[in-house]
Amino acid sequence: MSDISLAAEGIVLERGGRAVLVDLSLAVSPGEALMLRGPNGAGKSSALLVLAGLLAPQEGRVRFTGADPDAPPFAHLHWVGHDPAIKSGLSVAENLRFWIDVLGGRRDRMGDALEAAGLAGLEDFDAGLLSAGQTRRLALARLLAIPRPLWLLDEPTSALDADGAHWVGQLLANHLAGGGLAVIATHLDIPFSGDSKTMTLIRAGA
């Protein structure tokens, strides 16, 4: 696992003429997870998009210490949004293979990733017919199939039952133990043993 640290400094973000993030600063080191908490509309998802390089803030900057300065952000991070980005009409295996090919992963990891996600035996099943929990598991399977040091996860336990939430907690614990880091937007407690800290966001202007 690459020894990468993440820092954001003085992030100011407006969307639709409304201030969403005001002077947001944070730092996450290898082996750490940062939990972003707060009410709906507080900017948790927007913060992840800024960290992933998918939204440009009006002020401030995001720094990755230890990363190749010439590489794009997605060379060292995973962003898994609240929308699982699963294509109906394609099989479970085809969906995961798409992300492996796009993100430069190895296809020989696919079987182990699907088994770990509890989806073994469903490789040829239309992903559009999966349950909500199975769909979430398929979205998260890319974390295993395509290793990246930084995970940016938006409500990763959404639609999962207690066993699924425990699985996410184990994924996270293993990732941190291997020197990875994570920033997670969640309003639910994720059961895991590891080094974590919490930042609570409030709605700008509240």
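**The pocket lining and the sheet**

Modeller: Helix H1 makes the greatest contribution to the lining of the largest pocket, 3 residues (helices are DSSP runs of H or I of at least four residues, strands runs of E of at least two, numbered from the N terminus). The model is predicted, so local features need pLDDT of at least 70 and side-chain atom pairs pLDDT 80 or more, while totals for chains, interfaces and linings use all residues. Residues are numbered from 1 along each chain as its sequence is written, and side-chain values use heavy atoms, without hydrogens and water.

H1 spans 44-51, and, like strand S2 (18-28), supplies at least two lining residues. The lining has 15 residues in total; nearest the pocket centre are Asn 40, Gly 41, Lys 44, Ser 45 and Glu 155. (A pocket is an open set of 1 Å grid points where a 1.4 Å probe fits, with protein on both sides within 12 Å along at least five of seven lines; lining residues have an atom within 4 Å of a point.) By class, 8 lining residues are polar, 4 charged and 3 nonpolar, with Gly counted as polar. The pocket volume is about 190 Å³, the space filled by probe spheres set on the points.

As for the sheet, 5 strands form an open, parallel arrangement in the order S5-S6-S7-S3-S8 (two strands pair if DSSP finds at least two bridges). S5 (77-80) and S8 (195-200) are the edge strands, each with a single partner, so one side of each has no neighbour in the sheet. S6 (residues 150-154) pairs with S7 (residues 181-185) over 5 bridges, in the parallel sense. Trp 151 stands opposite Ala 182 of S7.
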